[in-house]
Amino acid sequence: MVTTGGSNLVRSRPAFTNDGKRLLVCTGNTVSVYSVATGMLVAELVGHRGLVTTVIAVPVSGPMIKIICQCWTASLDATLRLWDFNSATLLQTVQVARPVVSLVIPDILSPSMHNDAKKHDRYAFLSVEWKERHHGQLDNWGGRVMMHNLTKMKEVNGHLKVTHKPELLVVSPSGRFVGVPDGHTIHIWKAPVENIENVKEVKMMRLHHTKGFSTLAFHPNDTIVAGGDVTGRILIWRGVGRHTFTSEKNVENGGRSIEMSGVRSHDDAVSLTTWHWHQSECEVKFLSFSSDGAYLYSGAKEGVLVIWQLETGKKQFFPRLGGPLLFLAHSPEPSLFSISCADNKILLVNLSTMTTEKSLDGIKPPFSLPDNLRCLSNIGAAVHYKAGMLVLPAENHSVQFYDVYYDRPVSEVMVSERNYIPANDISAFVTLVTLSADGSVMGTVEMKVPEGGVGGRFSLKFWEAKARNGHFSLSTVIDEPHSDAGISALVFHPLKNMAVSCSYGGNFKVWVEHEKVPSKQEIGQGCGWRCRSVGSYKQKAMLCAGFSADGSLLAVGAGDLITFWNPETNSLVSVIGESLYLTSISALSFIPKSHHLVSVAKGSNPRFSIWNLSTLCVWWSYNLSVEVVASLNQRRMP
């Protein structure tokens with residue numbers, strides 16, 4: 001049986017249900033339905049065969065809230081689907097021409113248009129991927145903004161816009177307008193109120209800027225549009241579309257006689273105001289007006305929600321949200337919002353009290369290493385077999401424990417106590433994490449990023465498990481355990497408190513826990529770890545290591561060779577592998593209850609090999625690129 005978990009919760013903006021009691025979240029090929037009160041998963045909408053990119057709760061008011069529980073979804077499988085999320089039932093499937101990146105349906109937001117649905121068809125605006133096969137290759141031609149008639153189940157002729165890449169569409173709260181940012185331009189369309197056959201019948205206008213746009217928002221009651229750019233600036237246009245979307249007889253002074261303050265000459269707006277608080281090197285990720293239109297919310301990578309007073313431009317801040325912000329979604333409760341963070345977390349926040357009421361957490365992504373440092377990290381998942389948890393390094397100097405079976409985080413250990421730091425300012429990160437066989441000890445390796453080519457110090461830390469699963473206390477810190485060389489691997493002995501660390505500098509070290517009996521005052525504080533011995537072989541870089549099932553033999557990869565050692569005496573037993581590999585061995589794993597060893601070599605000549613330890617020869621080998629290898633030890637845990 002295969003168990004999966006840890007979906008990406010923040011690839012798309014979530015949606016609250018009409019009663020505000022549930023949150024619909026795009027998670028891979030499914031939509032997960034979470035309880036707002038408990039944060040628990042209560043249902044899943046399964047049926048799409050590609051990533052779900054959009055979820056829209058169909059608005060319903062009054063007594064029908066408890067009866068009609070429907071939502072639309074869009075996916076890269078080129079379908080739109082209507083669901084009853086109360087019973088997790090698929091109601092309708094609409095096949096479209098291209099993979100859908102973003103979907104809006106304006107008239108479900110407009111009561112007048114919705115009530116008059118018998119006279120007018122219902123239209124969806126789609127932002128799609130556009131790929132064509134050219135000379136036998138699939139070329140990416142950017143994106144297109146299209147329309148689809150949901151009533152007649154057919155595409156509306158033509159394209160509204162050809163975009164550089166598929167962009168996220170934004171619909172006004174009234175359902176009257178649809179917009180999309182594309183480069184230095186915001187394109188705005190007026191949603192049709194009568195049947196059309198060609199997209200040329202849809203009115204359109206543009207707003208321009210000297211910088212690239214990243215997002216936009218429509219005011220709920222007024223002709224105000226806010227746009228965020230890639231340099232952290234926010235632009236506010238007022239009186240948008242006075243000439244494009246309004247009959248001239250309704251425009252004061254016939255239109256163009258009104259002075260336009262700060263507006264570019266060809267833009268249809270009365271005034272333009274610019275605000276700037278977010279960092280200049282980062283884009284504004286989202287903009288959203290409050291339900292009464294008095295405030296504008298903005299978020300970016302600083303991890304701070306900025307609350308702007310629209311009339312005065314004054315700011316309030318909701319800081320320390322833990323990571324870069326991606327999306328904001330409104331709840332029917334005016335003070336409750338969801339904020340999606342880049343560390344795969346959705347926060348349910350109450351802005352009236354400035355508190356976080358609940359958090360939906362997935363597996364946090366690892367820190368994105370600079371290209372020149374990627375060779376120093378063997379980031380991968382460790383397994384806490386006794387508790388059935390994955391253990392992974394995460395951003396912001398932490399290690400996370402995740403229960404895949406129940407698909408929920410268990411705990412998080414801060415390897416270094418630091419506040420959230422934006423990604424480009426990271427000064428240290430966790431490169432390795434591993435646990436002893438019984439889960440009683442955890443080892444971590446932390447690297448301090450070199451500044452100006454100077455530094456790059458490594459720290460090896462040992463942690464002792466507390467009574468609760470996934471909770472550890474720091475026992476020992478060893479700074480620069482291999483002098484100035486990086487640590488390539490860390491493994492534990494299967495039966496005792498012994499660990500081996502390997503170094504790019506050409507040696508390995510055996511670490512043991514102090515054998516002294518702790519005093520009454522030291523109980524629970526750890527006795528500390530020390531280096532017992534050091535080994536090397538012809539100064540070759542040692543990239544990996546592994547213990548046999550009974551711990552009597554230690555295998556260490558030394559360049560393109562496999563060296564075997566007695567871990568108790570640190571004496572060399574044997575060397576194998578000469579002339580077989582042209583690249584360094586990157587992983588070793590003994591196969592329990594057998595006389596075989598697995599080795600992996602990466603690089604220009606990748607190999608996956610099984611060795612017979614009785615003959616010290618290759619049993620079989622295959623030219624295969626392998627990322628991770630592990631052998632399940634069937635020994636019973638204590």
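Q: How many disulfides turn up in the whole structure?
A: A search of the whole structure finds zero disulfides. The cut-off there is a pair of cysteine sulfur atoms within 2.5 Å.

Q: OK, and how far is the sulfur of Cys69 from the closest cysteine sulfur?
A: That closest sulfur is in Cys71, 9.9 Å away, so it is too far for a bond.

Q: Is Cys69 buried or exposed?
A: Cys69 counts as buried, at 5% relative accessibility. Cys341 also counts as buried, at 0%. Buried means under 20% relative accessible area, exposed over 50%, and partly exposed is in between (1.4 Å probe, protein chains only).

Q: Before I go on, what kind of model is this?
A: It's a predicted model: local features need pLDDT of at least 70 and side-chain atom pairs count only at pLDDT 80 or more, while totals for chains, interfaces and linings use all residues. Residues are numbered from 1 along each chain as its sequence is written, and side-chain values use heavy atoms, with hydrogens and water left out.

Q: Fine. What's the chain made of, in helices and strands?
A: One helix and 49 strands. Those are DSSP runs numbered from the N terminus: helices (H or I) have at least four residues, strands (E) at least two.

Q: How much of the chain is buried?
A: Buried residues are 53% of the 638 in the chain.

Q: Now the largest nonpolar core: which residues touch the most other members?
A: Trp72, Leu80, Val100, Leu103, Ile105 and Leu126, out of 19 residues in that core. Strands E6 (70–75), E7 (79–84), E9 (100–104) and E10 (123–134) each supply at least two of its residues. E10 gives the most, with four. A nonpolar core here is a set of buried Ala, Val, Leu, Ile, Met, Phe, Trp, Tyr and Cys residues joined through side-chain atoms within 4.5 Å.

Q: What does Leu80 touch, leaving out residues up to four places away in sequence?
A: Its partners include Trp72, Val100, Leu103 and Leu126, and also Gln92 and Leu150. Contact means heavy atoms within 4.5 Å.

Q: Switching to rings. How many aromatic pairs are there?
A: The count comes to 13. Rings of Phe, Tyr and Trp (its six-membered ring) pair if their centres lie within 6.5 Å; planes under 30 degrees apart are stacked, over 60 edge-to-face, and the rest tilted.

Q: How are Phe401 and Phe472 arranged?
A: Their centres are 5.5 Å apart and their planes at 20°, so the pair is stacked. Phe401 lies in strand E32 (residues 398–403) and Phe472 in strand E37 (residues 472–479), so the pair ties together parts 71 residues apart in sequence. Phe401 is buried at 0% relative accessible area, and Phe472 is buried at 8%.

Q: And what about Phe492 and Trp529?
A: That pair is edge-to-face, 6.1 Å centre to centre with 80° between the planes. Phe492 in strand E38 (residues 487–492) and Trp529 in strand E41 (residues 529–535) are 37 residues apart, so to speak a link between distant parts of the chain. Phe492 is buried at 9%, and Trp529 is buried at 5%.

Q: Which residue lies over the face of Trp130?
A: Arg98, at 3.7 Å from the ring centre. Arg408 lies over the face of Tyr406, at 4.9 Å. The rule is NZ of Lys or CZ of Arg within 6 Å of the ring centre and within 35 degrees of the ring normal.
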